[in-house]
Amino acid sequence: PGEACECLRRRGGGALVDACGCRACDGEGWSSTQRGCSAGAETSPEEACQCRRDGGRAPAPAPAPAPGQPDSSDACGCKMCEGQGFSSTSQQCGAGSATGPGEACEC
């Protein structure tokens, strides 16, 4: 996530906080085992989707989703809970792709 963090800082976006509220720029990711953010872990798309379904864990810039209607969009607007992610090759959301931290700055 180093490149993405640098990009976000240049754009004035601050720290990269994922769907689970983990500070990816500080080397944190979601740990399903520990049910929390953990140093050295990386939040998978499945974990991010589950965090969104559970209402998230940390303050997010977007409002919380309505009950029963999880916000399944990632940083690029791709429907992560439906298996979509941003493709830096095609510059659009696609099935089977996962939006990486670097791509979050490209989209």
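The model is predicted, and local features need pLDDT of at least 70, side-chain atom pairs count only at pLDDT 80 or more, and totals for chains, interfaces and linings use all residues. Residues are numbered from 1 along each chain as its sequence is written, and side-chain values use heavy atoms, with hydrogens and water left out.

## Overall architecture

The chain has 3 helices and 4 strands, where helices (H or I, at least four residues) and strands (E, at least two) are DSSP runs numbered from the N terminus. Along the sequence these elements follow the pattern α-β-β-α-β-β-α. Among the contacts in the chain with a separation of 6 or more, 25% are accounted for by residues 24 or more positions apart, a contact being heavy atoms within 4.5 Å.

## Disulfides

The structure holds 4 disulfides, each defined as a pair of cysteine sulfur atoms within 2.5 Å. Three of them, including the link of Cys20 and Cys51, are set out in the table.

| Pair | S to S | Torsion about the S-S bond | Handedness |
|---|---|---|---|
| Cys20 and Cys51 | 1.9 Å | about 100° | right-handed |
| Cys22 and Cys37 | 2.1 Å | -95° | left-handed |
| Cys49 and Cys81 | 1.9 Å | 125° | right-handed |

A disulfide joins Cys20 to Cys51. Cys20 lies in the loop between α1 (2-10) and β1 (28-31), whereas Cys51 belongs to helix α2 (residues 45-53), so this pair ties together parts that are 31 residues apart in sequence. Cys20 is buried, with a relative accessible area of 0%, and Cys51 also counts as buried, at 5% relative accessibility.

Cys22 and Cys37 form a disulfide. This pair links distant parts of the chain, with Cys22 in the loop between α1 and β1 and Cys37 in strand β2 (residues 36-39), 15 residues apart. The C-alpha atoms of Cys37 and Cys22 are separated by 5.4 Å. Cys22 counts as buried at 0% relative accessibility, whereas Cys37 counts as partly exposed at 24%.

A disulfide also joins Cys49 to Cys81. Here the linked parts are again distant in the chain, since Cys49 sits in helix α2 and Cys81 in the loop between α2 and β3 (84-87), 32 residues apart. Cys49 counts as buried at 4% relative accessibility, while Cys81 is partly exposed, with a relative accessible area of 22%.

## Helix α2 and its cover

Helix α2 contains Cys49 and Cys51, and the buried residues in α2 include both of these cysteines together with Glu47 and Ala48. What covers the buried residues of α2 includes β1.

β3 and strand β4 (residues 92-95) pair in the antiparallel sense over 4 bridges; two strands are taken to pair if DSSP finds at least two bridges between them. Phe86 stands opposite Cys93 in β4. The hairpin of β3 and β4 has 4 residues between the strands, and within this hairpin Gln91 takes a positive phi near 60°.

## Asp74

Asp74 lies in the loop between α2 and β3 and counts as buried at 15% relative accessibility. The side chain of Asp74 reaches the backbone nitrogen of Cys76 at 2.8 Å, a polar contact being a pair of N or O atoms within 3.5 Å, where within protein one must be able to donate a hydrogen and the other to accept it, and residues adjacent in sequence count only if both atoms are side-chain atoms. When neighbours within four places in sequence are left aside, Asp74 is in contact with Met80, Gln84, Gly85, Phe86 and Thr99. One of these residues, Phe86, is the residue that stands opposite Cys93 in the strand β4.

How values were computed
Buried means under 20% relative accessible area, exposed over 50%, partly exposed in between (1.4 Å probe, protein chains only).
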